[in-house]
Amino acid sequence: MDGRLSDLTTPRPSGRRARDSAASVEPSRPRALQERREDWQSLVILAHLVEAELDRQTRRDAGIPHSHFKILALLAGADQHTMGLTRLSRALRFHKSRLSHALRSLEADGLLRREDTPEKGRAYQAVLTPRGLDLVERVLPLQDVFAWDTALAGLSTTEVTQLRTIAERITANLDDQPE
């Protein structure tokens, strides 16, 4: 990672972030605003690094991008391993074209199938195949190891619970945004 980028998120030995040096670069910016920006940047970098590592591992362990694996994991947790495409698209914030591309690829690999919904109209649903379920059941434990041994290593049970609460609150904020 670029040293300048890591300076935003890496605590200094004293426990302070690189706020002092960043604030001195932009003396006209109020310190509180700069700290808020760095707090946000820390979250953005965290999300990016976790997603990048999950993508690398998922490609290695499953042979597919992590964005595709998330579709399979959602289907694995759904009732009868089935989910409507609109609901799937909304859950992942995928545009129709991105979801369609991913579904086409996963279908070609025999990991899911698309079929008409039982309701009338032009609605479709994705159904996880036994092969897709086997893949999810094989890869999820590997991702659990990454989560607990790497990403969450050193955090207390209380901190993990706080992190979950914060993540759920941020997710709710994003869910409240208009489409």
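Predicted model: local features only at pLDDT ≥ 70, side-chain atom pairs only at ≥ 80, totals over all residues.
**Entry 1: I64.** Leaving out residues up to four places away in sequence, I64 touches T58, R59, F69, L72, L106, D109, L111 and L135. Contact here means heavy atoms within 4.5 Å.

I then turned to the largest nonpolar core, which has 24 residues. Such a core is a set of buried Ala, Val, Leu, Ile, Met, Phe, Trp, Tyr and Cys residues joined through side-chain atoms within 4.5 Å. Buried means under 20% relative accessible area, exposed means over 50%, and partly exposed lies in between (1.4 Å probe, protein chains only). I64, I71, L72, L88 and L103 touch the most other members of the core. I noted the elements that give two or more residues to this core: α4 (66-77), α5 (85-92), α6 (96-108), β3 (124-128) and α7.

**Entry 2: basis.** Residues are numbered from 1 along each chain as its sequence is written, and side-chain values use heavy atoms, without hydrogens and water. Local features need pLDDT of at least 70 and side-chain atom pairs count only at pLDDT 80 or more, while totals for chains, interfaces and linings use all residues.

**Entry 3: the chain.** I found 8 helices and 3 strands. Helices (H or I, at least four residues) and strands (E, at least two) are DSSP runs, numbered from the N terminus. From the N terminus, the order is α-α-α-α-β-α-α-β-β-α-α. Of the 179 residues in the chain, 28% are buried.

**Entry 4: α3 and α7.** How do the axes of α3 and α7 cross? Helix α3 covers residues 31-62 and helix α7 covers residues 130-151. Their axes come within 10 Å and cross at roughly 140 degrees. That makes α3 oblique to α7. I kept the angle classes: under 35 degrees is roughly parallel, over 145 roughly antiparallel, 65 to 115 roughly perpendicular, and the rest oblique. On the α3 side, E53, L54, Q57, T58, D61 and A62 take part. They meet L135, R138, V139, L142, Q143 and F146 in α7. I sorted these contact residues into 6 nonpolar, 3 polar and 3 charged. Ala, Val, Leu, Ile, Met, Phe, Trp, Tyr, Cys and Pro count as nonpolar, Asp, Glu, Lys and Arg as charged, and the others, Gly among them, as polar.

Entry 5: Is H66 buried or exposed? H66 lies in helix α4. Its relative accessibility is 5%, so H66 counts as buried. Beyond four places in sequence, H66 touches E51, L54, D55, T58 and Q143.

P130 sits in helix α7. I read 63% relative accessibility there, so P130 counts as exposed. P130 and G110 are 20 residues apart in sequence and 9.0 Å apart in space, C-alpha to C-alpha.

Methods. Axes fitted to C-alpha atoms, helices over the stretch in contact; angles between N-to-C directions.
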